[in-house]
Structure formats: C-alpha cells, structure tokens
Amino acid sequence: VVLWLCIAGSDQIAIQRFLSTRDIKAARKSFKTTMYAIAGINLVLMFVGFALINYYRTYPHFIPDGKNLVADVDFLFPHFIVSYLPVGITGLVIVGLVAAAMSSLSSGINSTAAVIVTDIVPYVRKKMNERKNNVSFTRLISLIIGILVVIASSLVGKVPGNIMEVTGKTVNLFQAPLFNLFFMAIFVPFATPLGTIAGVFYGLTVAVLISFWDVLTGNPGFSFLWIMPIPLAVGIIFGIIFSFIPSRGKKMSTQLAWFAGMILPLIVITALVLKLA
C-alpha cells in the first residue's frame, strides 16, 4: 500500500500517464484498472512460484550442482525457462522479458528527460531559441540518461539480496523521500521549502541505512519491506518539525545556516549509530 501510494503520488512515469487522461474521473479509473491488473498479475506469479518450487522438489536432480531452492531462487527461474520449457515457448518468454524491460527503460528515460528539460533547464538557461533546438536538446539529455542507466545497471549485481530485495534497495530507494515532497506540499499548509528538504534528507538517510545496513555494519540486514514506510514517516515528522522554523523569506545565507543546523544532528546520529553497530 505504501509503495503504490508513493508511486502514484510522486513517480514521474505514473503521473505523466495520469495527466494523459481526459479528466480526473478517467485518471481514477486508470489507476483502479492498474491496481486490479497488478493484483491479478501478482496472483499468477505467486502460483508460478509455487509450481516451480514443487517442480524442483519433485525432481531435485534437475537442480544444478551447488544450487539450492533457498539461496538461488533468482537463478532457478531463468534456468527452468531456458532448460525445461518447450522449444518456442522459451523464446516467447524471453521476448516478453526483453519487451517489458525496454518499455520500463524508455518510460523512465522519457519522464526523466521531461523533468530536466521543463523544470531544471529553465533555471540554468533562460529559454530555448527554437523548438527544433529544444527537441534536439531533449534527445541529447535522453541519450546521456540512457548511458548513465546502462552503467548503473551493470553495478546492480553487487547489491545483495534476491530480485525483490534488490529492486527495493535500488529502484524504490528514493520513492518515499520523493513522495515526502508531495505530501508536505499538499497536506501540510505551513510547510516550508527548507524544512521539507531537510525532512527529505532525514528520510533518505534512514532509507539508505535500512537498505544497506548489512553492507555498512556487517550485521544482519533489515527486511526490504521497511524501506518505504519508515523513511516516509521519518521524513514527514522531521519535515513538519523543521517547518516551524521561520526560514521562509530569509536571506540565502540565513537559510543555509538554518539548513546546516538541521542536518548536523543527522550526521552526528548516523555516525554514532554506525560506530556502535
């Protein structure tokens, strides 16, 4: 619930799809349809997982040497697809996987490029001279983002955990802190930009600690299911607290001083926690 709350409320890909509908009613219908579809897909995948476990338990000699059902779940599913599905079906499944990956990648690149061109560039560059130049610049941004994504994806294998854990630790790591911005803007009327940003830093730090606790401390890690709700709660609480500080309308130097004072306890507490762990 928290995951989809954050995705629907802050994910640029989801928001662009909602905005492409004709009105609010259509957007709500689209979201409802998405939720029903995801519930159905997850149910099917659950039964696929049960069937796969039963298959390898019934035929344990099909499990490659050195592999087991607990530690190598991410390996056994593609191993089954490649080794034991009928000829032709294997190709269709692989094509489906590649198509899903391409659609997600293209959506992410397009939405990220749209944010950069419409929200960030105007602050750096006053205006685009011609529409043609604007399109060319957007294409260039998309190319750069694509290259960065490919480079980053090559490092995902170094993140410990199964595919669900790795997704939570990478793709969903920023979802809760990002939704924190929207939550403060919509539901906290006295929220200030400085207080909200400071709250986001607190939430993001907690998200990183939960995600990579085992890597940072060498101790057993936390469940990836906590990556979303706890950082969201932390970000909202501290964002509200810091919003009581009268920083709105102050000089930049004053705001920077206030921000440093807000972040300093976070740095000290994080260092102490890591040291004691």
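Accessible areas come from the Shrake-Rupley method with a 1.4 Å probe, and for residues only the protein chains shown count as cover. With that in hand, here are the legends.

Figure 1. Helices (H or I, at least four residues) and strands (E, at least two) are DSSP runs, numbered from the N terminus. Along its principal axes, the C-alpha trace spans about 70 × 55 × 35 Å. The accessible surface of the chain comes to about 18300 Å², and 72% of that belongs to carbon and sulfur atoms. Of the 277 residues, 28% are buried; here buried means under 20% relative accessible area, exposed means over 50%, and partly exposed lies in between (1.4 Å probe, protein chains only). Take the contacts (heavy atoms within 4.5 Å) between residues at least 6 apart in sequence: 66% of them join residues at least 24 apart.

A word on reading these pictures: residues are numbered from 1 along each chain as its sequence is written, and side-chain values use heavy atoms, with hydrogens and water left out. Because this is a predicted model, local features need pLDDT of at least 70 and side-chain atom pairs count only at pLDDT 80 or more, while totals for chains, interfaces and linings use all residues.

**Figure 2. How confident is the predictor, and where is confidence lowest and highest?** The term pLDDT is the predictor's confidence in each residue, from 0 to 100. Its mean over the chain is 87, and 96% of the residues reach 70 or more. Helix α6 (residues 131–153) has the lowest confidence, at a mean of 81, whereas helix α11 (residues 229–243) has the highest, at 94. Where pLDDT is low, the predicted coordinates should not be read in detail.

**Figure 3. Ser111 sits in helix α5, which covers residues 89–124.** Is Ser111 buried or exposed? Its relative accessible area is 3%, so Ser111 is buried. Not counting residues up to four places away in sequence, Ser111 touches Gln12, Ile13 and Gln16. A polar atom of the Ser111 side chain also lies 3.0 Å from the backbone oxygen of Gly108. This is a polar contact, a pair of N or O atoms within 3.5 Å; within protein, one must be able to donate a hydrogen and the other to accept it, and residues adjacent in sequence count only if both atoms are side-chain atoms.

**Figure 4. Thr205 belongs to helix α9 (residues 193–211).** Arg57 is 148 residues from Thr205 along the chain, and their C-alpha atoms are separated by 41 Å.

**Figure 5. Glu165 is found in helix α7 (residues 163–170).** With a relative accessible area of 22%, Glu165 counts as partly exposed. Glu165 and Ser211 are 46 residues apart along the chain, and 8.7 Å separates their C-alpha atoms.

**Figure 6. Trp226 lies in the loop between α10 (213–217) and α11.** Trp226 is partly exposed because its relative accessibility is 47%. Setting aside neighbours within four places in sequence, Trp226 is in contact with Ile210 and Pro231. Now look for Thr112, which is 114 residues from Trp226 along the chain: the two C-alpha atoms are separated by 26 Å.
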